Amino acid sequence: MNLAGPAAERIDQLLWAMTALGTVVFIIFCIGLGYGLFHRRARPPEPSLEHDRRRTRMILLFGAAIPAVILVPLLLWTFDALAALDPRARRPDLVVDIVGKQWWWELRYRDSVPGRAFITANELHVPVGRRVELRLTSTDVIHSFWVPELQGKTDLIPGRENVTWIEASRPGVYPGHCAEYCGTQHAHMGLLVVAEPAEEFEAWAAQQRQPAAAPADSAAALGQQAFLASACARCHAVRGTAAGGRLGPDLTHVAGRRMLAAGTIPNTPGHMGGWIAQPQALKPGTRMPQVPMSPEEFRRIHHYMLSLR
Ligand code: CUA
């Protein structure tokens, strides 16, 4: 595993220590068991007080003393790791609310300055070396946030807020996945964590805060009209336009994301077209309905979506 953060490293060390110790104990146990099964005494020991005492000593040694010597340090090490993984252990540099939905992730970047908070979906950008606190909840069923290279799992539970954090020690794109079965398309509930140097992250965030750019040409203007007139605009928001739907992902900068449909397909013009025209074929059961549209409407809306960078 290509570990990229202090939390995942902690978990990894503990995992390997437990696996190694468990393996050693298992081998010793097998040797003892094999010896007991195949070694025959010349004759059974005579019942005696001395024999009983020896047996009691053996039970205490192998049943209590040796397990304590192995398990107590492991327990203390686990407490130490848990303390280090506790989100309250350090003040975060950034806070993002993550709302689990069937079957995608809504990401709300908080900001103490009003007007600087923004919403996006499925692609969590973070600055390298900064502690990012994640406040997790769900609006439907239980999901679980898991980015193995950065952090262990934390559930997203309706009606409650769970807190975890991530910190990437180097730039990269780290895939994450929903780790709790949540319905038909659980297998297509992925997200990407994009860790980038602070300046790049700031440039990305500044771009995300902007409303959608006004249509640059007449084709885009027609596209915007077609989009606003369609059923699409009832579920999706494009900031800066009349589309303010909250049921589906915010599309203000959808063309700038790497993947579509929560990690299901790469965000290429072809896949974007397929996703608009045939969402149920690409992700059967998705909450995105098949919106009836004429070829001309489709062409216009497709063109508009590709312009939302
Ligand atoms: Cu969401 Cu599995």
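Predicted model: local features only at pLDDT ≥ 70, side-chain atom pairs only at ≥ 80, totals over all residues.
I'll start with the overall layout. The chain is divided into domain 1, residues 6-85, domain 2, residues 91-209, and domain 3, residues 218-306. Between the C-alpha centres of domain 1 and domain 3 there are 59 Å.

Next, the sheet. Five strands make up an open sheet, and their order is β3-β2-β1-β5-β8, with mixed pairing. Which strands stand at the edges? They are β3, residues 118-121, and β8, residues 162-166; each has a single partner strand, so one side of each has no neighbour in the sheet. On average, and ignoring direction, neighbouring strands here are turned by 25° against each other.

Let me go through some of the pairings. β2 and β3 are antiparallel and share four bridges. Across that pairing, Tyr109 is opposite Phe118 in β3, and Glu106 is opposite Ala121 in β3. On to β1 and β5: these run parallel and are joined by seven bridges. There, Val99 stands opposite Thr137 in β5. β5 and β8 run antiparallel, with five bridges joining them, and Leu134 faces Thr164 in β8.

Two of these strands deserve a remark on burial. In β5, five of the seven residues are buried, so the strand is largely enclosed by the rest of the structure. As for β3, Phe118 and Thr120 point one way, Ile119 and Ala121 point the other way, and all are buried. As background, side chains in a regular strand alternate between the two faces of the sheet.

Now the cores. The largest nonpolar core contains 30 residues, and Ile98, Leu124 and Phe145 have the most contacts inside it. Elements that contribute two or more residues to this core include β1 (94-101), β2 (104-109), β4 (123-127), β5 (132-138) and α3 (198-209). Take Leu124 as a case. What does Leu124 touch, leaving aside its neighbours within four places in sequence? The contacts are Val96, Ile98, Leu107, Tyr109, Leu134, Phe145, Ile166, Leu192, Val193 and Val194. Apart from this core lies another, of 19 residues, and Phe227, Ala233, Ile276 and Leu308 are among them. In general terms, nonpolar side chains in soluble globular proteins tend to be buried together.

On to aromatic pairs. Searching the whole structure gives seven of them. In the pair of Phe118 and Trp204, the ring centres are 5.5 Å apart and the planes are at 70°; planes over 60 degrees apart count as edge-to-face, so this pair is edge-to-face. Phe118 belongs to strand β3 and Trp204 to helix α3, so the pair ties together parts that are 86 residues apart in sequence. Phe118 and Trp204 are both buried. Ring pairs also link Tyr109, Phe118, Phe201 and Trp204 into a cluster.

The other pair I want to show is Phe227 with Tyr304. Their ring centres are 5.7 Å apart and their planes are at 45°, so the pair is tilted. Phe227 is in helix α4, residues 218-229, and Tyr304 is in helix α8, residues 295-307; the two residues are 77 residues apart. Phe227 is buried, at 1% relative accessibility, and Tyr304 is buried with a relative accessible area of 1%.

Last topic, the backbone. Most residues other than glycine have a negative phi, and most peptide bonds are trans.

First item: the peptide bond from Gln102 to Trp103 is cis, and its omega is near 0°. Trp103 sits in the loop between β1 and β2.

Asn122 is in the loop between β3 and β4. Is Asn122 buried or exposed? At 11% relative accessibility, with the limit for burial at under 20%, Asn122 counts as buried.

Ala262 counts as buried, at 2% relative accessibility.

That is what I have; I'll take questions.

How values were computed: Residues numbered from 1 in each chain as written. Heavy atoms only, no water. Core = buried A, V, L, I, M, F, W, Y, C linked by side-chain atoms within 4.5 Å. Buried < 20%, exposed > 50% of the residue type's maximum accessible area, 1.4 Å probe, protein only. Contact = heavy atoms within 4.5 Å. Domains from an automatic or database assignment. Pairing = 2+ DSSP bridges. Axes fitted to C-alpha atoms, helices over the stretch in contact; angles between N-to-C directions. Phe/Tyr/Trp six-rings, centres within 6.5 Å; stacked < 30°, edge-to-face > 60°.
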